[in-house]
Amino acid sequence: EQTPEQSMSLDTDCICGAGYQPSAYGRGYCTKCGRGVFKGVQGNIQCTNPCPLAATSDRGATSEDDCYCGGGFYAVIKR
């Protein structure tokens, strides 16, 4: 049986979850997406999906549904 140290020897063995991106601290670390962007998939890619204009999100957002209007703005939802 492998120990955790043996089974996680490659960068590709550990991936960041939705709402997280690879950290500048080195391999094996993930940080929450910043405010105003989201990432809805797993993978070692950056959070690059922006919230709509004049909207923001809390850190760790996973979809556009996590975005909300900034102060003084309101949303017009088109369906």
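Predicted model: local features only at pLDDT ≥ 70, side-chain atom pairs only at ≥ 80, totals over all residues.
**Cysteine 14.** I found cysteine 14 in the loop between helix 1 (4-7) and strand 1 (20-22). Cysteine 14 counts as partly exposed because its relative accessibility is 28%.

**Disulfides.** How many disulfides are there? I get 3 disulfides. With the bonded cysteines numbered in sequence order, the pairing reads 1-2, 3-4, 5-6.

I took the link of cysteine 16 and cysteine 30, S to S 2.1 Å. Cysteine 16 sits in the loop between helix 1 and strand 1 and cysteine 30 in strand 2 (residues 30-32), so the pair ties together parts 14 residues apart in sequence. The angle about this S-S bond is -90°, and the link of cysteine 16 and cysteine 30 is left-handed. Cysteine 16 is buried at 1% relative accessibility, whereas cysteine 30 is partly exposed at 36%.

I then took cysteine 33 and cysteine 47, joined with S to S 1.9 Å. Cysteine 33 is in the loop between strand 2 and strand 3 (37-38) and cysteine 47 in the loop between strand 3 and strand 4 (49-50), 14 residues apart. The link of cysteine 33 and cysteine 47 is left-handed, at -70°. Cysteine 33 is buried at 0%, and cysteine 47 is buried at 8%.

The link of cysteine 51 and cysteine 67 has S to S 2.1 Å. It connects the loop between strand 4 and strand 5 to the loop between strand 5 and strand 6, 16 residues apart. Both cysteine 51 and cysteine 67 are buried. I noted that cysteine 69 is in no disulfide, the nearest cysteine sulfur, that of cysteine 67, being 9.6 Å away.

**Serine 57.** Is serine 57 buried or exposed? Serine 57 counts as buried because its relative accessibility is 0%. Serine 57 lies in the loop between strand 5 (55-56) and strand 6 (68-69). A polar atom of its side chain is 3.0 Å from the backbone nitrogen of glycine 36, and one is 3.5 Å from the backbone oxygen of valine 37. Beyond its neighbours within four places in sequence, I list contacts of serine 57 including Cys51, Asp66 and Cys67.

**Largest pocket.** I read a volume of about 370 Å³ for the largest pocket. The largest pocket is lined by 14 residues; Pro52, Ala55, Cys67, Cys69 and Ala75 lie nearest its centre. I sorted the lining into 12 nonpolar, no polar and 2 charged residues.

Note on methods
Residues numbered from 1 in each chain as written. Heavy atoms only, no water. Helix = DSSP H or I, 4+ residues; strand = E, 2+ residues; numbered from the N terminus. Buried < 20%, exposed > 50% of the residue type's maximum accessible area, 1.4 Å probe, protein only. Polar contact = N/O pair within 3.5 Å; in protein donor to acceptor, adjacent residues only side chain to side chain. Contact = heavy atoms within 4.5 Å. 1 Å grid on protein atoms, 1.4 Å probe; cavity = no way out; pocket = protein on both sides within 12 Å on 5 of 7 lines; lining within 4 Å. Points joined across faces, edges and corners; volume = space filled by probe spheres on them. Nonpolar A, V, L, I, M, F, W, Y, C, P; charged D, E, K, R; others polar. Disulfide = S-S within 2.5 Å.
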